[in-house]
Number of protein chains: 2
Amino acid sequence: MAVRHYTLDFKLSAPADHSATVRSLQSIFQEQEMTETVHDTEGHGYLATFIGKNGRLAILRLYSHGLVTFDLQCCEADDLAQVDNLLDALEKKMKALLNGTIQRVKRLPALQRGAEVDRYWPTADGRLVEYDIDEVVFDKDSAYQNIKILHSRQFGNILILNGDVNLAESDLPYTQAIMGNGREHYAGKEILILGGGDGGILCEAVKLKPKMITMVEIDQMVIDACRKHMRKTCGNVLDNLKGDCYEVLVEDCVPILKKFVEEGRTFDFVINDLTAIPISTAPEEDSMWEFLRLILDLSIKVLRPSGKYFSQGNCVNLTEALSEYEGLLRKLSCKVDFSKEVVCVPSYLELWMFYTIWKK
Amino acid sequence: MAVRHYTLDFKLSAPADHSATVRSLQSIFQEQEMTETVHDTEGHGYLATFIGKNGRLAILRLYSHGLVTFDLQCCEADDLAQVDNLLDALEKKMKALLNGTIQRVKRLPALQRGAEVDRYWPTADGRLVEYDIDEVVFDKDSAYQNIKILHSRQFGNILILNGDVNLAESDLPYTQAIMGNGREHYAGKEILILGGGDGGILCEAVKLKPKMITMVEIDQMVIDACRKHMRKTCGNVLDNLKGDCYEVLVEDCVPILKKFVEEGRTFDFVINDLTAIPISTAPEEDSMWEFLRLILDLSIKVLRPSGKYFSQGNCVNLTEALSEYEGLLRKLSCKVDFSKEVVCVPSYLELWMFYTIWKK
């Protein structure tokens with residue numbers, strides 16, 4: 001049973017007269033038979049809490065610098081029309097009381113807390129966003145990660161790995177971007193995909209008549225879940241791990257890459273669909289950067305001289321992490337050049353950077 | 001001075017032992033020298049509020065159905081590292097206490113309430129989304145509406161009319177969609193733009209060497225603000241209201257359309273950039289639907305037999321409003337056919353429907 005949390009805030013151009021405002025608002029809470037507690041804030045404005053029927057909790061706070069915040073928490077089974085009426089009444093009374101000094105009234109869509117279906121999946125740059133998710137389609141822990149597939153009304157099914165939105169069925173622009181946005185010719189070429197368990201890249205690449213695609217995905221459970229629930233993304237390519245022009249190896253890509261290097265096996269395109277650039281350089285991220293560098297080094301080694309390496313970067317707002325990555329590219333043992341491109345991936349709710357890298 | 005509002009929720013598979021949990025958490029608040037008030041919820045779980053230094057307010061609630069919610073409100077000038085520590089401590093202790101019964105821990109990015117720069121602009125389908133807005137570039141009331149231009153780090157400047165996100169400098173896909181996404185030939189054609197004060201359509205249309213573009217925008221202040229602050233959208237086309245192949249009339253489009261009908265003046269393309277489809281059919285929206293129908297009727301009248309009428313619809317999730325609009329199209333006095341297209345407009349954070357309409 002979820003809790004709905006409403007907020008209603010009034011930004012004032014001048015501090016309000018606390019006692020007059022409070023007296024005037026009290027009648028609203030009295031009508032609702034709510035029990036008031038006034039708290040001592042030690043000089044930090046007026047603060048009262050109100051407990052009502054059905055466990056409703058309201059918090060009224062008047063800050064001395066000219067801000068009035070109001071919170072209302074209730075169960076989703078509560079009479080929501082009545083709750084809306086209470087908020088309407090409060091807004092109306094505040095406007096009547098403080099007309100002229102109100103700079104902004106802000107009433108946000110209610111937060112849904114503890115709901116069966118979690119609709120909040122913050123962006124990579126840490127913003128609060130609510131998705132139109134109405135169903136948990138799949139939710140399991142594999143040996144490697146938590147795998148969720150959630151249904152969004154507009155984006156279709158969304159694959160979420162360890163809490164990060166990976167790809168939705170609406171996100172063909174992601175797949176197109178990480179394949180070079182139509183600038184490359186795949187016909188007759190040999191392609192290596194690192195990761196890519198959702199099958200999106202494999203599905204699009206197969207259509208372009210390559211000679212051979214090798215995909216190395218570590219997590220069988222991702223493949224199985226996407227085969228079943230992300231068919232707009234993967235089509236039927238995950239129905240078999242081998243096709244006319246492709247093979248999926250369910251393995252850790254690092255030893256496979258090392259083996260390819262040893263064997264002298266090379267590719268025209270290497271597509272890294274594994275990991276986003278770590279967002280910080282804090283100690284706990286060090287191993288992530290090391291991993292990224294290792295993958296990069298090995299990938300460049302299996303890349304033909306005329307080949308291209310494609311990778312996602314991160315959201316465009318994480319400029320420091322992107323700079324760090326570009327610094328890494330400049331310091332590789334094998335000299336490379338790169339280009340980058342900003343792409344709008346529908347379900348990400350933020351712009352995303354993609355890289356193309358080639359040998360100098 | 002803004003208030004930061006943190007939430008930290010624990011969804012449990014079984015109700016927690018209230019008294020044991022509460023006793024164990026109390027030490028965290030005692031260390032912070034917060035004053036506790038336990039409230040009588042009349043059987044609706046445990047509820048305590050804590051007031052701390054600097055006016056900090058914490059709310060701990062244990063619902064009997066197995067949900068624990070925690071709120072922390074503090075001023076943005078507060079010691080935020082200390083606040084993070086408090087949340088960390090609480091999360092750690094809860095995990096130690098209720099290990100095994102915790103299904104989900106949810107700690108959302110803090111809500112910023114009453115901030116100078118408002119970052120919350122809910123989507124058309126009513127979801128809470130936070131933008132990466134860092135500056136109020138323009139904020140004035142014209143005779144017709146409130147006009148805001150806010151700066152987003154990733155989307156550039158965003159035009160917001162009466163609280164609705166209209167267009168950002170990143171949103172060329174909107175302009176391309178409402179011009180037919182490259183499917184039409186504009187060279188040598190006569191074009192009528194209704195609204196479009198941001199100059200985006202005008203700027204793109206001028207590049208296509210049409211014979212003549214007539215744009216009818218009611219609000220001079222929108223034109224002036226966009227000329228100055230939305231130059232990635234409008235280029236230099238708004239620097240003059242008349243150019244080699246275009247003319248901007250700062251007028252209400254209804255009398256202008258009526259005059260065109262009277263004069264028998266017609267166009268190859270009519271682009272309605274005025275209004276989104278009203279989201280409801282409630283009484284207060286009736287006049288919006290009437291307005292929409294009026295514009296549609298007049299527009300079809302000034303459309304050449306081979307012409308096309310383009311319009312935005314609304315977000316794809318408002319299926320009822322879109323159906324209503326399509327019903328309207330089927331009932332026009334002049335028979336029309338239409339096609340529709342779903343487009344991802346970067347700054348909208350939701351998919352949007354666009355319509356192309358032509359005479360049968």
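Let me start with a definition: a residue is buried under 20% relative accessible area, exposed over 50%, and partly exposed in between, using a 1.4 Å probe and the protein chains only. Take B:Asn162, for example: at 53% relative accessibility, B:Asn162 counts as exposed.

Before going on, some housekeeping. This is a predicted model, where local features need pLDDT of at least 70 and side-chain atom pairs count only at pLDDT 80 or more, while totals for chains, interfaces and linings use all residues. Residues are numbered from 1 along each chain as its sequence is written, chains are lettered from A and ligands numbered from 1 in the order in which they are written, and side-chain values use heavy atoms, with hydrogens and water left out.

Okay, back to B:Asn162. You'll find B:Asn162 in the loop between strand E10 (156–161) and strand E11 (164–168) of chain B; strands here are DSSP runs of E with at least two residues, helices are runs of H or I with at least four, and both are numbered from the N terminus. Its phi is near 45°, which is positive in a residue other than glycine. Most residues other than glycine have a negative phi. Over in chain A, A:Asn181 also has a positive phi, near 50°. That one sits in the loop between helix H3 (172–177) and strand E12 (190–195), and A:Asn181 is partly exposed, at 31% relative accessible area.

Now, how do the two chains meet? Chain A puts 61 residues into the contact, and chain B puts in 61 residues, where contact means heavy atoms within 4.5 Å. The area buried between chain A and chain B is about 5400 Å², with 57% of that from carbon and sulfur atoms. Buried area is the accessible area (1.4 Å probe) that two parts lose on being put together, summed over both. On the chain A side, A:Arg113, A:Leu128 and A:Gln154 lose the most area to chain B, together 13% of what that side buries.

There are ten salt bridges between chain A and chain B, meaning a side-chain nitrogen of Lys or Arg within 4 Å of a carboxyl oxygen of Asp or Glu. One of them joins the side chains of A:Asp71 and B:Arg113, at 2.8 Å from N to O. By class, the side of chain A that touches chain B has 27 nonpolar, 17 polar and 17 charged residues. For that tally, Ala, Val, Leu, Ile, Met, Phe, Trp, Tyr, Cys and Pro are nonpolar, Asp, Glu, Lys and Arg are charged, and the others, Gly among them, are polar.

Next, a tryptophan. Is A:Trp121 buried or exposed? At 8% relative accessibility, A:Trp121 is buried. A:Trp121 belongs to the loop between E7 and strand E8 (133–141) of chain A. Leaving aside neighbours within four places in sequence, its contacts include A:Val129, A:Tyr131, A:Leu150 and, from the other chain, B:Lys106.

A:Glu204, in helix H4 (residues 200–206), counts as buried at 18% relative accessibility. Not counting residues up to four places away in sequence, A:Glu204 touches A:Leu172, A:Thr175 and A:Met179. A:Lys331, by contrast, is exposed at 62% relative accessible area, and A:Lys331 is in the loop between helix H9 (319–330) and strand E17 (336–344).
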